Structure formats: C-alpha cells, structure tokens
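Keep the 3D view open as you read.

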Amino acid sequence: MKLPAATPSAQPIAESAGRHRSIARRAFGSRTFVAGLCIVGCITMLAVLAPVISRYGPNQQNPFHTLEGPSAAHWLGTDDLGRDVWSRVLYAGRTDLFIGFAAVLFPLIFGTLLGIMVGYFGGRFDTFTMRLVDVIIAFPFFVLVIALVFIIGPGIRGIFIAIALTDWVVYTRIIRSQTLVVRELDWVAAARAGGLSHARVLRRHILPNTIPQAIVYVMSDIVYVLLAVVTLGYLGLGIQPPTPDWGSMISEGQSFLTTNLWLSTIPGVPIVLIGLGLSLCADGLTDVLRPP
Amino acid sequence: MSDTWRYVGTRLLHAIPVVFGVTVATFLLLHLIPGDPARQLVGLHASPAAVATVNRRLGLDGSLLSQFRDFLSRLLHGDTGTSFFYGVSTRSLIVSRLPVTAALVALAALFCVVITLPLAIIAAVQKDRLTDHAIRVIPLVGLGMPAFWIGILFILIFSVKLPWFPVGGWGISYSDHLRALILPALTAALGIIPLLIRSLRAGALDVFNADFIATARAKGLREGRVLFLHVTRNALIPTVALLGLNIAYLIGSTVIVERVFDLNGLGSLLLEAVGNRDFPVVEGVTLVFAVAVVLVNLGTDLVTAQLDPRIRLR
Amino acid sequence: MQDYPGPLSRRDLIRRTAIGAGLLALGPLAQACSSNSGSSASGSSTPKRGGTLSFGRSTGVFLFDPANAFADNDVYTCDKIFESLYVTTPQGTLVPWLVLGHTVSSDGKTYTFTLRPGVKFSDGKPLTADDVVFTVMRCARDTAGPLSYLDVAIKSMHATGTQTVVIELTQPWAPFISDLSCFCNAIIPKNFNGQEPKAFFKEPIGTGPFVVKQWTPGTSLTLARNPVYWQRGKPYLDEIQFPIIADQNQRIIQLKSGTIDIAGSVPGAAVSGLKSDSSVTVGIFPSWDVDLLLMNEKLPMFADLHVRRAIAHAIDRKAISAAATFGTAPPAGSFFPPSVQFYDPHAPVLEYNLAAAKSELSQSHFPHGFSTSLLIPSGNDQYASTAQIIQSELQKLNIRVAIQSLDDAAYHQEFQTFHHEMFLNWSVNDITDPDDMCTFQCVPKGGGSYSYYTNYNNPKAINLVRLGEITQNTAQRARIYAQLQALVSADAPYIPLDYPPYSYAWRNNVHGFKGIPSGTYRLESVWMD
C-alpha cells in the first residue's frame, strides 16, 4: 500500500454531532468531491445493472467468432474464446468493485480502532503494535500479499484475507498520529478531569476527530486494492477463471498485445476512471477538512 | 551534531527488531506456502528416494523448529545460505543483481522529485485556474493504471513504434544502462507521482497562506527568489517525507517492473525465487529490501530535519 | 544437404509408420535425411562460417550436469556441450553419433558398441570407452538423479580396449538404445578429468560442438565454437549468446526489432502475427508431448468407466485446438503423439459426440451429473483457455466444473499428493521409444507416478507395457502398442486433447535451425548470413 502524508488538521473541529452534517454539506459543496462521486456512481451503476444492460452472458463462448473487433453485434468485440468483451467488462465491474469496496472495510474498521487505542493509551501496547506495523510496512508490498495468497490459495477468499492482514497498518498509523495530537488538547484533558470514562472520551471526542483522515484515505485505498487484485491477476494469483475481472482480462489480453491491442487496453479504462473518481473524492474531502 | 549521531544510533537500534521481524516472518511464510522445493528441483519423474535425498541436501528434512534454529544461527553468522536453484551463495546472487535494482529505484525517485516539483508548484500558484485542474487530473489518471500495463504500453509506443529506447534488457555500456532504465523508472514513478503532486501542492498552498511570504517580502527579496527559496524548501518537507514513506512501495513495484522490462534485478530474482520455492534467496532478498526500507526512512527523516529547522530530532 | 554424418552407407529415412519406425532393428546403419520442414526459404545455399547468434529464451541455465539437469533450457544447453552415443533427428529417429554402431547378442542382453574414431573432448583428449563406462554407470547409480531410472536395465558395463564398450542388461530391453540416447547419458570425461564434480561442471568439457565461454548461472551464458569438434567444418557459428527474456511479449518484440536472432517458446497466439512479418520465419516442430485431461480414479465418479467415456465424448478437441492453441497443435486421438515410435494413426478414438456422451453418462452411476474441479497451473494461457472450453462443454452433461488455478509448485504438490479431481498436464516423454511414456502413464505401481496420478490400473494394459519392453521384433512391438493405444482409448483414464508443438521464430538471415521432438535443437548446423 502507498502511504499518504500525515496531515493532521491543525485544529480539530469542536465536538458536536452537527459537525458531521456540516462536513457532509461542505463536501457536497466541493465541486471536486461531487465530480468524483459522479464518476464513481456512474461506473458502479453500470456494474450493478450489468445483467440488464449486457446482451450476452459473460461466459458465453463462441468458438466461431473469436478475436473480432468492435462491431454492431459486439460493441467492444470478442476475446479469444469468442466471449463478448463489453459484457465481460460490465460483469467484471461487479466482481472488482465488490472486492474493492468490501475488502477495505476490515482494514478501515480494525485499523482505526487499533490506531485510536494505541494512540490514546500508549505504553508497551503502543510500542509492540507500532513495531508490528513497521515490520509489515517494511515488507515490499507485493511480496507479503503474494506470500499470503500463495498460502491461503488464490481466488476471492485468498485476496480478501491477504488484504485484511496487510492493509490495516496504514489506517493505524494515520489514526494514531492524529490521536496523539488530539489527546493532548486541553478540552480532552478537561473532559477526563470532569469524570468522563476512557470509553466515552474515545467515542465522543477522539474518534470523530480522527476518522475523517481515515475516510479520506479509504478512497485511495480502494484504488490500491483494485490495483493489487489486477497485479495478482497478472502474476496468475487472482480471480479464478472464468469469472471476469478487469485485471485478469488485461493479463489474458497480453498475449494479443501486438495484434489485438484493445483486449488489454479496454479493461484498464474503468480502473483508471474509478481511480480518478475516488481520487477526486479524496481531494475534495481533504480540501473540506483543511482548516479555513 | 552529536545530537544527530545519537538520533541515528537510536533509530538504527530500533530498526533491528523490525528487520529481524521481517526475516522471521519471511521464514515462517515460506514454510507455510504449499509446494515442495525438492520436488521442483528433481522433476515429475523422480522417485521418492530421489526427493528424500534432495530434501536432506537442502536441509529441509528436520522439524520446523530445528530448521528455524539452523536458519537463525546461520543468519547471525552473516550466512544467507546457498540458493536451492542456482547452487551459488545467495550473497553472490544478490550482489550481482543489486546494481540494477538500486539504479532503477534511484532513477525512479529522481523522476518523482523532478516531475513533481514544477508541476505541483505551478498548480499551487495557479490555484483553481485551468492549469491547476489540468495538472491535478492528469496524474490522477496514472494512479489507476497498473504498472505492468503502463510498462507494456510504453514499450509499444517508445520502443517499437518510435525507436527511442531499447525494448528491454540491460545493455552493455553505462549509457546503455541509463537508456534501458528510463522507461522502467518512469513506470515505477508514475505510481507515486500523483500522491506527491497532491501533497506538495497542499504543502505549497499551506506555505502561501503563511506569514513566511509576507516576512520574506518585507525583507526585500524579489518575488521569484522568495518563491523558490522559501516555498520550495518548506513545501518540500512533506513531499520528501512522503517519498520516503513510499519507498517500500517503490521497491515492491520493482518486482513487476523488472519482469515487464526484462531487467535482471533483485525484484525479478525475488519473483522467480518465490515461484521456485528457493527459500534462501527469498529470505535473502526480502532481508535486503527490509534493510533498504529502514535505511531510506532514516535518511528521509534526517533530510527533512535538515530542511526544517523547526523539527528537533528526538 | 547432409546434416548428419554418414557412416558406411546411406539409407533414406523410412517414413514413420507402426512398422517402419523400428530403426533399432534395422541396426545402426540407417541415415536420417533431413527434410527442410520449417527451415528458412534459402535452404540450399552454402553455409557461411562465423557470426554470433543471439538466442532469446525464457529462463537461464542453472546446471551443466547431464545426469542431474531436467529443466528445459538446462537440458537443451547441456547437449551442446555433452553428446550422447545416439542422437534423435528432427524426424524423431535415432542415428549413431559418438558410436559407429552396435551389435546385440542373440539373447538380447549384451550390447557391444564401437566408438567413432577421431572424437575428442574440447581439451583435446580423445574419447575412450572408459569415459562412456564412467558416464553411464554414474547416471545409473545415482538414485537421486531425475532420469536415472532410464538406466535401470543395466547390469554391468566394461570397456574392451579404448574403442569398445560392452553393456550387460538384466533382461532383454527393447527401449535400451532410446534410453541410452537420452540427454542424461551424455558422455563426460572419466573421473571429471580429475576435478571435483562441482568444479568440473562450472567449466564443463565435453565432445559437443560448443564450449562455455562465459556463464553466470541463471543470468547469462555465451557459448563459443569447440575448435576440435569431431564434425569437421562445424559448428558454423563463432558464438551463441542466450539472453534471458522471461516475458513472452518481450521475446517477440525483441525478435521483430532484431535485438535477438531466434526466439524460443513462441506462444500460439503470436504465430499468425509473426507469419505475416516478412523479416521473420516461424518454425512449428512436432514434439513428443500430448496435452491431457487427467482424472483421479480414487474418486467414485472417475472410477466409473462410463463417466470417463462420457467426458471423452463431450470434449470437442477441434475447438480446443483452434481456440486454445490457435491451430498450432493438432487435435489428439491416440495418447501416443505422432512423432513417437509405434504411433498408430488408426487407433480408435472416442470422438466428439454429445449424444454418445449423454448415453454413456446415463449408463453410469452419475446420470444426473456432478460437481468437480479442474486443476491448472497458473500463467499458462493455453491451459486456461482449454479449461474454460472444457468447463463449458461438460456443462452440457450437467457436470459442473470449477477451475482451480495454482502456481506451478503448488499445482505439482496438489496432484502429486492426489488432492486433485481433474487436472491438465502434458505427457512426459524424453526418448523416442514409447516405453518411458507408457510406464509412466499405464503402470500404477512400477511407474512411480500411479499412472500419472490417475491411479489407472488395468492389468491388460500393464501386461502390454511389460511385453513391449522385452519384445525385440519391431513388427510385434508395433502390434503390442497398437493394442495398448486402443485399450487406453476405450478406458479413457485420461483424454488426449492436442499435440503441442515446439514453436520457434527466427530472423531470415538465420539458416539451418530445426527443432527436434525432444524439444532441443542441434546448433552445429545453424549459420547466419
């Protein structure tokens, strides 16, 4: 995974539930954020509606019409087994977007909670956890994920587990740095002095002021997960055939790179667009969270 | 000065358990992966006796615990073992392949800085104008592109259609090497540049908002020099920090980039060794990568400390 | 054009039929005539001496020890340094190479070989019978060797003088000359020239056309002409470099741009594109391999003969050949490839016929189909396509196949420990005689592989294999193997899908390159202009 800059907002916003609504409102006021959301939304819609929009099944083979170019019958042509590329791209979206959105949930939740805990309580727990984080980060990314997928087995389950085991570290790091800042603030100390339990402080004061950072990062993280799945496909460790997935479509199209360029090019387009959309969302949110 | 040395010492001391952790984790993971190195070495036709003989030769016939003890004692003596496949010492393999990867990572880092700096500062200066939006969007497109895909496209465009660069391989002379590295380094850099542009632009905007500029102008420096000296120096800090943080990613991406561009570096060696279940080589290369990441992180922190007089090393 | 040295007389190659392929019985005087299948257009011009050839391959060379090498490129490079007593021609027949010929005793157990005079090792020392005895006994005695089982019939060997070798077998053994010709029995100097084996194989000295000029294991290799090579005038090339290009697209691109002169392992998908490139020639050479769909008979559904026959009828091999191999691999019938001795072109085959498939299935214990998995090695595009075609074809019988794609080492471990249900792999054959393949695929106990991990156990088949090993008469052997092919076809323990070739592509200024069915190529006849 790639690590973002730790840009702790210099001024945590005051504690109130209304603050969440104001962030949301400001987010939708940001043109960048809205643009990004539109892009992501469009592609997600297309993927969800795949069974309705596509004219062929994703695995419908036709040995007499292989490697054809775009035509009226096949808008994006056919692949080496005669399957309709447009249909496969749509269905691949369902697989990939599902993995992208779902695989980040565990790292987000676990990583954030862990980050808050170690940042707040510190001590040996903190030292041990951060050493573990350092170890995982020190592994060249692909090596660890590859090793885990090897062990667990390729396919969706292996990918989910491998990502769950490696991706949480960034969230922990981000949230911990932010927690360290928030923890020192006067009003937090005052809350504790006023008799608030640790749990309440964590829940009502620390969490709301740290989680926006994580939300911003999650947007980029979904793209990294998608890229990880694509790369695993390139290395032969990804989604098992014949389930379509943008990554393995690019990988399978590689054999035809010099003759049928579009087979490898086209599945990359939705990945790029999703990446663009999510990054715009992240940018917009970062701008919104920046103190004025 | 002695402060710095003490800081370096402490950091290195803290790095040792991390590197150790990586090595131990690698060992364990390797032994968990299905697939038998001995069988990979003798082939499909070999008898069980042949497999057993090879297992003994490779030192894989003991219990996991005894293998681990042997592994640790070897490591503490600085012995990274002998490659199952190549039959030569892991160290010699790593030494012969290291220059390629080191050069690749260095050039990629250089590209990161050289491309990010002007683009990000222009974007910050032109904030919210068309140039700003254009600069922010274009690298975002690069964020979503898989490295192997960009690589192949680069080859098709810049090596096949336009014969500007070699199609692959390392070449013979130093200038050959440089030409061979440009496309791969660019491919690797494109994975991180979007992040860096975003960060540097934000950092530059922060500096624009601050009083530095007002003070500097008050001191009578010309506009251009103000921009260059203060903005760059202060905006550079989070970017260098970010680059350092992402070195692990850059190093990891050499695994793919070297494969696509047919470069004989540590990345392709690692990939090959994992496929071959060549345990000593995987352990050795992972160790080198981990040490590199730790050292680069340390270096990054020192550099940012130099750049920002406000940071005190603790 | 005479590619192979003629001994005392020439005889045209008898076209390989079930009867005619018995070169062994005809004795050592047969001469292989090289037909120019797959070679470049100007095949009749005179060879030019000199030049450095750049041969791009997917992996490097790790080992030069013939008795221990088995990785493809190790084997295909070893045989440029070390040569065997007999060598396989591109047509798949054997010709005497380091020997002039041999005689066999009447009981079939004693072979006497006469060495070719004038053969030297690259350090100038002459080849003697002692070297031969040392080499073969070393390979035979090494229990850890990957191919030492080929020498299992040898009881003892000794040299009579410097030019004669006598080998005693434990029993009459028809495949013996084939076994002896295998690359694992390539001749090395006695006692490794006095060195330690490891040191010797770092700077190997053999009788072959080339010597090692520079070698970093797995990384780079350059061979240079052996100045004292026994075939005068050859090799034509001064040097050969072997750049390692793992990515198949890269290999094609580098060939097209002229960075390399020959590209190995050309994928089927690239063939049509290369054929339309006028600066490049494509050579598609038959191999000894057969792509197979293998079924684990330890599982109840595959122990059922009717299920297996139903599957055989349900698979359209023509579709697989066209789509998965791009027409480069002909659809298969018999489990013998056409290039192996005693291949029977008339062997009965369970043809693609959906009605027959359904009928067979209804006679089985699983008339309503079942769920199963198909194991393939990852990174193999052809198998991925084949598996998906098979999956969709078996769907019609309500056999629901889930594809399981594992990386090479995990894939091997999976089926070698019988954790698979069905898997794709190719047949393993390193000699022109079919015995190796038949033992491996039809003999569960003795073959060491449980009938290629299917557990196929038919006493009739086992008997036929054993009979074929000890029968010396070629006509009889042909009949035995024809029966075996028919039996295996009917039993369908595995289903032959297609006969994959070895595909190479080279620039038009390269001449004389021909692939041999074992996968290797003789480079002493290659020249460049």
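## A covered strand in chain C

Strand β18 of chain C, residues 502–507, is mostly covered, with 6 of its 6 residues buried. Here a residue counts as buried if 20 or more other C-beta atoms lie within 10 Å of its own, as exposed if 12 or fewer do, and as partly exposed in between, with C-beta atoms placed from the backbone. Both faces of β18(C) are covered: C:Tyr502, C:Tyr504 and C:Trp506 are buried on one side, and C:Ser503, C:Ala505 and C:Arg507 are buried on the other. Strands are DSSP runs of E with at least two residues, helices are runs of H or I with at least four, and both are numbered from the N terminus.

This is a predicted model, in which local features need pLDDT of at least 70 and side-chain atom pairs count only at pLDDT 80 or more, while totals for chains, interfaces and linings use all residues. Residues are numbered from 1 along each chain as its sequence is written, and chains are lettered from A and ligands numbered from 1 in the order in which they are written.

## The neighbours of β18(C)

Which strands pair with β18(C)? Strand β12 of chain C (residues 280–285) runs antiparallel to β18(C) and is joined to it by 6 bridges; C:Gly283 has C:Tyr504 as its bridge partner. Strand β11 of chain C (residues 262–263) is also antiparallel to β18(C), with 2 bridges, and there C:Ile262 is partnered with C:Trp506. Two strands pair if DSSP finds at least two bridges between them.

## A second sheet in chain C

Chain C also has an open sheet of 4 strands, ordered β4-β5-β7-β6, with antiparallel pairing. At its edges are β4 (99–104) and β6 (154–160) of chain C, which each pair on one side only. From one strand to the next, the twist averages 20 degrees. Antiparallel strands β6(C) and β7(C) (residues 164–169) are joined by 6 bridges, and C:Ile154 has C:Leu169 as its partner in β7(C).

Helix α3 of chain C (residues 129–141) packs on this sheet, touching β5 (110–115), β6 and β7 of chain C, and its direction makes about 165 degrees with that of β6(C). Axes are lines fitted to C-alpha atoms, for helices over the stretch in contact, and angles run from 0 to 180 degrees between N-to-C directions.

How many helices and strands does chain B have? Its secondary structure comes to 14 helices and 0 strands. Of the 314 residues of chain B, 48% count as buried.

Definitions and conventions: Two residues are in contact if their C-beta atoms, placed from the backbone, lie within 7 Å.
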